[in-house]
Amino acid sequence: MSFVVRRGLSTLIPPKVASPSGIGAAQDAVRMQRVVSFYEKLPRGPAPEIKASGLLGRYQARYFGKNPSAAPIVHVIGALIVLGYCNNYYFHLRHHKNNAH
C-alpha cells in the first residue's frame with residue numbers, strides 16, 4: 001500500500017488508548033490519560049434517530065425515508081395540473097366566462 005492510503009486509513013482507526021507501552025513514561029502518561037478520558041466521554045452505541053421537524057422535513061421523512069414511494073411524482077404532476085389550470089383560467093378562460101366568442 002502506498003503512504004497516502006496508509007495515512008488515510010490510519011485516521012479512521014482510533015489510537016490504542018490502553019496500551020501498556022504508551023503509559024510507561026511520566027510525561028506520556030499524562031497525555032495518554034487525556035486521550036483515555038476523551039474517549040471515555042464519547043457516547044456509545046448507535047446514534048439516535050433524528051426526528052423530522054417542519055413541513056418539508058416531515059414530507060421527506062414520510063416519502064423519502066425508510067420506505068420510499070412514488071407519491072411525490074404524483075404530487076408534482078397534480079400540482080402542475082392545478083397550476084396550469086389556474087394559469088389558463090387567469091389569462092384566457094375568465095374573459096369568456098359570461099359570453100362565448
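Student: Is Lys 66 buried or exposed?
Tutor: Lys 66 counts as exposed, at 73% relative accessibility. The classes are buried for under 20% relative accessible area, exposed for over 50%, and partly exposed in between, with a 1.4 Å probe and protein chains only.

Student: What does the side chain of Lys 66 meet in a salt bridge?
Tutor: The side chain of Glu 49, at 3.0 Å from N to O. A salt bridge here is a side-chain nitrogen of Lys or Arg within 4 Å of a carboxyl oxygen of Asp or Glu. Glu 49 is exposed too, with 67% relative accessibility.

Student: Where do Glu 49 and Lys 66 lie?
Tutor: Glu 49 is in the loop between α2 (26–41) and α3 (54–63), and Lys 66 is in the loop between α3 and α4, so the pair ties together parts 17 residues apart in sequence.

Student: How many salt bridges does the structure hold?
Tutor: It holds 1.

Student: Before I go on, what kind of model is this?
Tutor: A predicted one: local features need pLDDT of at least 70, side-chain atom pairs count only at pLDDT 80 or more, and totals for chains, interfaces and linings use all residues. Residues are numbered from 1 along each chain as its sequence is written, and side-chain values use heavy atoms, with hydrogens and water left out.

Student: What is the average pLDDT of the chain?
Tutor: It is 80, and 71% of the residues score at least 70. pLDDT is the predictor's confidence in each residue, from 0 to 100.

Student: How much of the chain is buried?
Tutor: Of its 101 residues, 7% count as buried. The accessible surface is about 9400 Å², and 65% of that belongs to carbon and sulfur atoms. Those areas come from the Shrake-Rupley method with a 1.4 Å probe; for residues, only the protein chains shown count as cover.

Student: Switching to aromatics, how many pairs are there?
Tutor: There are 4 aromatic pairs. One of them is Tyr 59 with Phe 64, edge-to-face at 6.4 Å centre to centre and 70° between the planes. Rings of Phe, Tyr and Trp (its six-membered ring) pair if their centres lie within 6.5 Å; planes under 30 degrees apart are stacked, over 60 edge-to-face, and the rest tilted.

Student: Which residues form a cluster?
Tutor: Tyr 59, Tyr 63 and Phe 64 form one aromatic cluster. Tyr 59 is partly exposed, with a relative accessible area of 28%.

Methods: Helix = DSSP H or I, 4+ residues; strand = E, 2+ residues; numbered from the N terminus.
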